[in-house]
Amino acid sequence: MPLSAMLAIASPPPAAHTVAVLAFDGMAPFELGVVVEVFGLNRPEVGDIPWYELRVCAEQPGSDLRAVGGFSLRAEHGLDVLATADTVIVPGVADARGEVSPALVDALRTAHARGARLVSICSGAFALAATGLLDGQRATTHWRYAELLAERHPSVEVDADVLYVDNGSVLTSAGSAAGIDLCLYLVRSDHGATVANTVARRFVVPPHRDGGQAQFIEAAVRPMAEEDDGVARSMAWALERLASPLTVPSLARAARMSERSYLRHFTRRNGTSPIRWVVAQRIAASLPLLEAGDGTVEEVAAAVGFDSPATYRHHFARAMRTTPTGYRRAFARVA
């Protein structure tokens, strides 16, 4: 038998990445449901990529945990399992003004010391802050809790104006829907843009929202106006022309609006500026090209509309916390 075949028989399959999510009494079910949807469902649509193994954990496993809405759930696993996971997600705390239990703090610290990735959604940032691991770090939470988080944990640099913050091994996100963005960001970090886009399609959400996008958009729910149609038209127009020069004047013309009016309506609608949005779309469009390995970084930069490789590298590093070459190297190994 060839040596390669013998090694294939002798080598066990790679262990699945384990994700532990905390359940607690009095929790709102949406954030837990997001984590289960992203990491707990079978994903035949992503092919042979080994998917995550999800563990729902509680401080007292086996007991009934009341959820908002008048029902209860029961977690099979305890904090000992949470402490051994590869990624630990805290989707909230029961009381942002209360104390985080010492047992949970210890489990989170133990997990982090082992090399686990700690993640919070919404008020879950209070649990991560209680560990001290956010001291001196930038973090976010739901905008309603931002002032309280800063007051209770003055060593944490609280940013209430973003969807999520990646500090490497500790990540925080704003409320509810921002948890979807951060979970998809984790999938993209682990498996690449193509897989994350596939999961997003099943979720029926956009595959990528920049973590730096504002979490609160003025008058986000309002009657559809003619200006909204113009902004949407300009965005669709831009997505078809990412490789071409895109400026505020050209986008405003596509929207059939004045530049001043366009800037105001675009920012109100999207929570970011037109140019920042264009940069984010170009970065997102470059990820599959890098993963495919076709073309140099310079060619990829030109293909998605950056005027120079240096500009591309600058914006890529800010958005992805790595270089285009580093990203390509990482996802070449994934593939």
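1. S250 sits in helix 10 (helices are DSSP runs of H or I with at least four residues, strands are runs of E with at least two, and both are numbered from the N terminus). With a relative accessibility of 10%, S250 counts as buried (buried is under 20% relative accessible area, exposed over 50%, and partly exposed in between, using a 1.4 Å probe and protein chains only). Setting aside neighbours within four places in sequence, S250 is in contact with W237 and P245 (contact means heavy atoms within 4.5 Å).

2. A word on the basis of these notes. The model is predicted, so to speak of local features a pLDDT of at least 70 is needed and side-chain atom pairs count only at pLDDT 80 or more, while totals for chains, interfaces and linings use all residues. Residues are numbered from 1 along each chain as its sequence is written, and side-chain values use heavy atoms, with hydrogens and water left out.

3. Please also look at S234, which belongs to helix 9 (residues 226–239). Its relative accessibility is 0%, and S234 therefore counts as buried. Not counting residues up to four places away in sequence, S234 touches L251, A254, A255 and Y262.

4. How do helix 10 and helix 11 pack? Their angle is about 85°, and their axes lie 9 Å apart (axes are lines fitted to C-alpha atoms, for helices over the stretch in contact, and angles run from 0 to 180 degrees between N-to-C directions). Helix 10 and helix 11 are therefore roughly perpendicular to each other (the cut-offs are under 35 degrees for roughly parallel, over 145 for roughly antiparallel, 65 to 115 for roughly perpendicular, and oblique for the rest). Helix 10 contributes V248, P249, L251, A252 and A255 to the contact, and helix 11 contributes E259, Y262 and L263. By class, this contact of helix 10 with helix 11 has 7 nonpolar, no polar and 1 charged residues (Ala, Val, Leu, Ile, Met, Phe, Trp, Tyr, Cys and Pro count as nonpolar, Asp, Glu, Lys and Arg as charged, and the others, Gly among them, as polar).

5. Between helix 10 (248–255) and helix 11 (259–270) there is a loop that holds R256. Phi of R256 is near 60°, a positive value in a residue other than glycine. R256 is exposed, with a relative accessible area of 69%.

6. C122 also deserves a look, with a positive phi of about 55° although it is not a glycine. C122 is found in the loop between strand 6 (117–121) and helix 5 (125–130). Is C122 buried or exposed? At 9% relative accessibility, C122 counts as buried.

7. Helix 2 (residues 29–40) packs with helix 7 at an angle of about 25°, the axes being 9 Å apart. That makes helix 2 roughly parallel to helix 7. The crossing of helix 2 and helix 7 is right-handed (right-handed if the near helix is turned clockwise from the far one by less than a right angle, left-handed if anticlockwise). On the helix 2 side, F30, V34, V35, V38 and F39 meet A177, G179, I180, C183, L186 and V187 of helix 7. The residues of this contact divide into 10 nonpolar, 1 polar and no charged.

8. Which residues touch the most other members of the largest nonpolar core? They are V35, F39, L82, I89, L108 and V187, out of 69 residues in that core (a nonpolar core is a set of buried Ala, Val, Leu, Ile, Met, Phe, Trp, Tyr and Cys residues joined through side-chain atoms within 4.5 Å). Helix 7 (residues 177–191) provides the largest share of this core, 8 residues. Apart from this core lies another, of 15 residues, among them V279, L290, A301 and V304.

9. I89 touches V19, A20, V21, L22, V35, F39, V119 and I121, leaving out residues up to four places away in sequence. E53, in strand 2 (residues 53–57), touches A16, H17, T18 and V19 under that sequence limit of four places. At 34% relative accessibility, E53 counts as partly exposed.

10. Of its 335 residues, 47% count as buried. Among contacts between residues at least 6 apart in sequence, 64% join residues at least 24 apart.
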